[in-house]
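Visitor: I'm new to this one. Can you put it up on the screen and walk me through it?

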Amino acid sequence: MSENTTVDRALVAREVIARWDAQQTGYIRRRAERFDTIGRTVAHVCAGVAEPRVLDLAGGAGSLGAAVLEHVPTAHVVIADKDPALLALARDAWAGDARVEVAQIDLDSDVWVRHPAIVAGEFDAVVSSTALHWLSPDALVRVYFALSGLARPGGIVLNGDHLSYDAVSEPAMRAFALSDDADMQRDTFGAGVDTWDEWWDAVAASGAYGTELAARDAVWGSELHEPPLKVTLGFHLETLRSAGFAQVGTVWQYLDDHVLYGVR
């Protein structure tokens with residue numbers, strides 16, 4: 001690959017990631033506020049640590065990792081994900097920046113904890129956003145228990161995700177949240193922002209990631225269209241507590257969007 005090609009891919013990646021961030025605002029309420037809360041919390045936990053290690057778990061193209069670096073510019077961020085196309089975008093966007101490392105892992109497999117980027121040292125913080133709900137409940141339990149061995153004592157896990165109100169026990173708030181979602185999507189996509197499918201079409205149209213998109217189809221198979229069973233906020237918190245996190249709770253919430261935490 002020539003130097004010019006490398007530069008072109010970096011420019012394409014940054015442009016496409018900017019479009020990703022825009023389309024995600026149509027699916028995640030107050031996304032910037034959620035990310036800012038996570039970044040400020042990591043900065044607080046890592047105060048006094050010269051070069052904190054941060055794991056952006058199921059981090060995709062690295063948008064959350066980038067938000068953390070805005071608050072902790074000396075951090076070393078490992079962006080770990082299963083998706084080869086999203087990781088290629090992250091790799092190209094951060095090319096030449098030693099603060100960012102990319103790792104392809106599969107959280108459904110126990111071997112992900114042995115990836116060289118993961119075993120290189122304990123993490124001061126593990127962050128994730130709108131990703132772990134795609135894990136089956138048993139896989140989520142395994143991941144949280146694994147994180148208790150990867151985070152340093154006093155380190156923190158922060159997971160921002162959409163944990164729906166229960167249709168039976170919380171019908172009024174569930175209706176409010178669904179109405180709020182509809183308003184958000186109407187306003188965002190009505191203004192011409194990419195939808196999920198339009199964004200992936202844009203990646204394909206860029207002409208830079210054909211190989212990675214083909215690999216993505218092979219890696220995911222039918223999983224992309226088979227959402228797992230939903231679990232509650234309480235399930236997350238009790239699992240973190242059972243895994244050995246001494247302090248657990250919610251650091252931020254808007255309707256049924258939460259940032260939950262576990263302090264090792």
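Visitor: What do the residues of the lining of the largest pocket divide into?
Guide: They divide into 21 nonpolar, 12 polar and 15 charged. Here Ala, Val, Leu, Ile, Met, Phe, Trp, Tyr, Cys and Pro count as nonpolar, Asp, Glu, Lys and Arg as charged, and the others, Gly among them, as polar. Keep in mind that this is a predicted model: local features need pLDDT of at least 70, side-chain atom pairs count only at pLDDT 80 or more, and totals for chains, interfaces and linings use all residues. Residues are numbered from 1 along each chain as its sequence is written, and side-chain values use heavy atoms, with hydrogens and water left out.

Visitor: Which residues lie nearest the centre of that pocket?
Guide: T130, A131, H133, W134 and W196, out of 48 lining residues. The space in the largest pocket is about 1200 Å³. A pocket is an open set of points on a 1 Å grid over the protein atoms alone, with protein on both sides within 12 Å along at least five of seven lines; a cavity is a set where a 1.4 Å probe fits but cannot get out; lining residues have an atom within 4 Å of a point. Grid points are joined across faces, edges and corners, and a volume is the space filled by probe spheres set on the points.

Visitor: Which elements each supply at least two residues of the lining?
Guide: Among them are α1 (3-24), α2 (31-45), α7 (171-190) and α9 (210-220). Strand β2 (76-81) does too. Helices (H or I, at least four residues) and strands (E, at least two) are DSSP runs, numbered from the N terminus.

Visitor: Where does W134 lie?
Guide: In the loop between β4 (123-129) and α6. W134 is partly exposed, at 42% relative accessible area. Buried means under 20%, exposed over 50%, partly exposed in between (1.4 Å probe, protein chains only).

Visitor: And W196, what does it pair with?
Guide: With W200. The pair is edge-to-face, 5.9 Å centre to centre with 65° between the planes. Rings of Phe, Tyr and Trp (its six-membered ring) pair if their centres lie within 6.5 Å; planes under 30 degrees apart count as stacked, over 60 as edge-to-face and the rest as tilted. W196 and W200 are four residues apart in helix α8 (residues 196-205), so about one helical turn separates them. W196 is partly exposed at 34%, while W200 is buried at 10%. One aromatic cluster is formed by W20, W196, W199 and W200.

Visitor: How many aromatic pairs are there?
Guide: Five. One of them is tilted: Y27 and F189, 5.1 Å centre to centre, 55° between the planes. Y27 sits in the loop between α1 and α2 and F189 in helix α7, so this pair ties together parts 162 residues apart in sequence.

Visitor: Which residues of α10 are buried?
Guide: In α10 (residues 233-243), they are H236, L237, T239, L240 and A243. They cover an arc of only 165° around the axis (taken from the directions from the helix axis to the C-beta atoms), so they are on the same side of α10.

Visitor: What do they pack against?
Guide: Against α6 (137-150), β5 (151-162), β6 (247-254) and β7 (257-263). Contact means heavy atoms within 4.5 Å.

Visitor: What follows α10?
Guide: G244, with a positive phi near 115°.
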